[in-house]
Amino acid sequence: MDPVDTTGLAEPFLRTQLESLGLAVEYVRAEGDTLYRRGDDGGELPVLDLVGGFGATILGHHHPEVTALAKELLAAQVPVHAQFSLHPYAEAVARRLNDILHRETGDPGPYRAVFANSGAEAVEAAVKHAELDRGSKAAALRARIDESVARARRAVRDGARLSETARRLAEGGDFEALAAAVGDANRARAEEPPVLLALTGGFHGKLVGSVQLTHNPVVREPFRALATPCRFVPAGDPEALAAVIAEERRTLLGLSVSDLGVSSGTDSGGTDPSVSGGVVDVVEHRLPRLCALVLEPVQGEGGVRPLTAGYLREVQRICAEADCPIVVDEVQSGMGRTGTFLAGSAVGLRGDYYVLAKSLGGGLAKAAVMLVHHSRHRPEFELLHSSTYAKDAFSTLIAARTLDLLEADGGALYRRAAERGERILTRLAGVRDDFKDVVVDVRGRGLMIGLELRDQADSSSPVLRELSRADVLGYAAAGYLLHAHALRVFPTASATTTLRIEPSVRITDAQIDQAETGLRALCELLRAQDGERLLSR
Ligand code: PMP
């Protein structure tokens with residue numbers, strides 16, 4: 001037997017992948033939008049970081065105030081772990097978030113906050129909460145129906161008779177046959193799994209639950225048997241959403257008794273109003289089956305695709321009618337990245353739930369939160385859901401300071417994100433116009449920008465063809481930009497020909513110039529179909 005290779009223990013396969021794409025470098029220091037790696041002479045080589053921790057560094061790496069606070073907290077021996085005690089700082093973060101949400105959405109809330117460690121975890125907390133709420137409402141409905149059956153039984157004993165519809169359902173039997181038929185129909189319907197909805201192109205995490213909501217089949221399919229699969233509806237198509245919701249609509253049957261012999265049910269045919277004791281009829285109640293619709297206002301990993309205000313307005317209307325809560329995943333688009341605190345608020349979206357993570361931790365801590373509107377809040381959730389590190393003092397105090405920084409000077413940082421983003425977008429639009437043969441599109445909002453490269457599956461270069469077919473063209477482009485232009489750029493996770501540009505608000509004009517220069521050189525190389533140079537180091 002061959003000896004087991006023990007040279008690589010920490011994700012060794014990933015390392016070989018990085019090596020083959022020229023991305024196996026170690027960064028030793030980070031500041032602002034710069035990551036430093038060691039040169040051959042041992043000195044530091046700066047790399048302009050446009051990946052920004054996949055969107056986690058809206059304030060840049062090691063924002064001086066955030067890092068200073070972290071040092072203070074450690075020096076003061078602030079208890080990081082004191083679970084099941086009071087957490088006034090968590091209350092402060094929740095209050096701050098509520099003020100911001102109120103200002104941006106107009107909804108006074110309040111939204112109750114449940115903290116977590118990562119985006120995927122907070123998404124799952126929101127979905128779990130939505131399912132608790134849905135399940136409780138379904139159980140309450142079944143209890144009301146049981147009461148209605150008991151009431152009808154008493155009424156029949158007192159002389160009430162069955163309506164035509166009720167007699168049909170009882171198949172000619174008596175009241176107990178009717179009650180059994182109602183019970184059987186309801187059991188089968190209530191046992192159907194809940195319906196979770198998400199959009200094509202969406203990304204919501206990679207844990208067992210959240211990966212079901214992440215559209216990309218490559219990461220989702222191997223795990224689909226582990227949880228209730230979600231139904232994907234095409235992003236941008238409100239009619240498709242309405243059709244899916246209509247298809248998933250189910251009702252439970254209940255019984256009504258009308259004293260006057262005039263049924264309140266769906267079918268009162270055949271009743272005789274003169275009969276005393278009333279009429280027992282069958283009524284339908286909408287079964288709460290829709291757990292939630294989960295969406296990103298700007299799809300990040302799907303290739304940086306903003307959803308339009310018109311579409312989201314329709315989504316909101318359809319979901320309100322169907323009583324389907326909307327979970328707004330602002331893990332990547334939130335925290336001011338697109339020029340407002342929430343990307344959704346700029347397009348009039350109001351969520352029943354909000355999910356924040358990434359930049360909430362100021363680029364330093366692992367902090368995430370889900371917020372649920374009080375009208376749907378289930379207090380018992382707080383006893384059912386927890387995580388050891390969630391809401392710890394360190395991450396929550398860092399989150400509080402991060403919010404302070406974002407909100408300072410009347411939201412100067414939001415304006416800066418919009419202004420920097422506009423500048424980058426304009427420059428990249430110029431690149432697109434000059435290289436229409438290799439750039440499909442440049443899009444985004446604020447500091448959430450994507451540059452989509454044309455697929456090279458039919459390239460005259462065998463290297464480019466192969467990279468494209470292996471779905472790694474974007475990664476190879478990243479390797480080239482790193483070595484030739486000291487630029488760190490990555491494709492979005494589910495749309496790998498789209499390069500993500502997500503720097504911090506601190507990016508300078510000179511750095512934007514550097515980014516443009518590198519991207520233009522990349523386009524030149526693709527135009528020349530020069531696959532070899534793309535891979536040369
Ligand atoms: N939701 C969105 C919109 C995301 O972009 C991401 C991460 N890219 C996640 C959820 C998952 O976050 P995490 O990696 O912190 O679990």
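Trainee: Why does Arg432 count as partly exposed?
Mentor: Arg432 counts as partly exposed because its relative accessibility is 21%. Buried means under 20% relative accessible area, exposed over 50%, and partly exposed in between, with a 1.4 Å probe and protein chains only. This is a predicted model, in which local features need pLDDT of at least 70, side-chain atom pairs count only at pLDDT 80 or more, and totals for chains, interfaces and linings use all residues. Residues are numbered from 1 along each chain as its sequence is written, and side-chain values use heavy atoms, with hydrogens and water left out.

Trainee: What makes the contact of Asp433 with Arg432 a salt bridge?
Mentor: The closest N and O atoms of Asp433 and Arg432 are 3.2 Å apart. A salt bridge is a side-chain nitrogen of Lys or Arg within 4 Å of a carboxyl oxygen of Asp or Glu, and the pair Asp433 and Arg432 therefore qualifies. Asp433 counts as partly exposed because its relative accessibility is 42%.

Trainee: How many salt bridges does this rule give?
Mentor: The count comes to 42 salt bridges. Among the residues concerned, Asp133, Lys137, Asp323, Asp352, Arg376 and Arg378 are linked in a network.

Trainee: Why is Glu247 called exposed, and why is Arg231 called partly exposed?
Mentor: Glu247 has 51% relative accessibility and so counts as exposed. Arg231 has 28%, and therefore counts as partly exposed.

Trainee: Which residue forms a salt bridge with Arg423?
Mentor: Arg423 pairs with Asp509, the closest N and O atoms being 3.2 Å apart. This pair also links distant parts of the chain: Arg423 belongs to helix α12 and Asp509 to helix α15 (residues 509–527), 86 residues apart. Arg423 is partly exposed because its relative accessible area is 30%. Asp509 is partly exposed as well, with 33%.

Trainee: Why are α4 and α12 called roughly parallel?
Mentor: Two packed helices are described by the angle between their axes and the distance between the axes. The axes of helix α4 (residues 88–105) and helix α12 (residues 393–434) come within 9 Å and cross at roughly 30°. Axes are lines fitted to C-alpha atoms, for helices over the stretch in contact, and angles run from 0 to 180 degrees between N-to-C directions. Angles under 35 degrees count as roughly parallel, over 145 as roughly antiparallel, 65 to 115 as roughly perpendicular and the rest as oblique. The helices α4 and α12 are therefore roughly parallel to each other.

Trainee: Where is the peptide bond that is described as cis?
Mentor: The bond from Gly109 to Pro110 is cis, with omega near -5°. Pro110 is placed in the loop between α4 and β4 (111–116).

Trainee: Is Leu35 buried or exposed?
Mentor: Leu35 has 9% relative accessibility, and therefore counts as buried. It is found in strand β2 (residues 34–38). Of the 537 residues in the protein, buried residues make up 52%.

Technical notes. Helix = DSSP H or I, 4+ residues; strand = E, 2+ residues; numbered from the N terminus.
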